[in-house]
Amino acid sequence: MIARAPEIPVSTPAQPVLTVTDLRQWIYCPRVVHYHYYPPAKRVVTFKMNEGREEHTRTTELEHRRTLAAYGLKDGERHFAVRLSSERLGLRGILDMAIVRPDEVIPVEYKSAEGPAAKNHRYQLAAHALLLEEQWQLPVRRGFIYWIPRR
């Protein structure tokens, strides 16, 4: 009997194949992406995973009340959990926060780590920047990684 390769999803305008998380995880460790699409019999959700989700939620709630001074900005409109998708790039993702200004849009990613930005974090931010530019039709000149423990 000949083993068949698993079917690879085909990109459609409604749902591109690659997610920004896939890209970030691939840079970190390709096995993480493999196990996401071909999980073992029992998927494990760790304490650290749950804690990270809760920290993201708390940070988003607090961010609604903060000024943009932490980002060195005086103006801008914040958008949270921004869904982004590009048929052209074959990429989709959810950005933690976008700051929209008259002449630019700025991606912001929350991280539960202390820093510094690793290669996979920079790729994630860059991928979100490409998606933002296409969707908002504004340039992305900079981006921020908000380290939750360091505030």
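Which residue is partly exposed, with a relative accessible area of 25%?

What we have here is a predicted model, where local features need pLDDT of at least 70, side-chain atom pairs count only at pLDDT 80 or more, and totals for chains, interfaces and linings use all residues. Residues are numbered from 1 along each chain as its sequence is written, and side-chain values use heavy atoms, with hydrogens and water left out.

My topic today is charge pairs. Side chains of opposite charge can pair when their charged atoms come close. Searching the whole structure turns up nine salt bridges, a salt bridge being a side-chain nitrogen of Lys or Arg within 4 Å of a carboxyl oxygen of Asp or Glu.

Back to the opening question: the residue is Arg66. Its salt-bridge partner is Glu63, at 3.2 Å, N to O. Glu63 is buried, at 1% relative accessibility. Buried means under 20% relative accessible area, exposed over 50%, and partly exposed in between (1.4 Å probe, protein chains only).

Next, please find Arg88, whose salt bridge with Glu134 has its closest N and O atoms 3.0 Å apart. Arg88 sits in the loop between strand E2 (77–86) and strand E3 (91–101), and Glu134 in helix H4 (residues 119–136), so this pair ties together parts that are 46 residues apart in sequence. Helices (H or I, at least four residues) and strands (E, at least two) are DSSP runs, numbered from the N terminus. Arg88 is exposed at 65%, while Glu134 is partly exposed at 27%.

Finally, look for a network of salt bridges linking Asp75, Arg101, Glu104 and Arg142.
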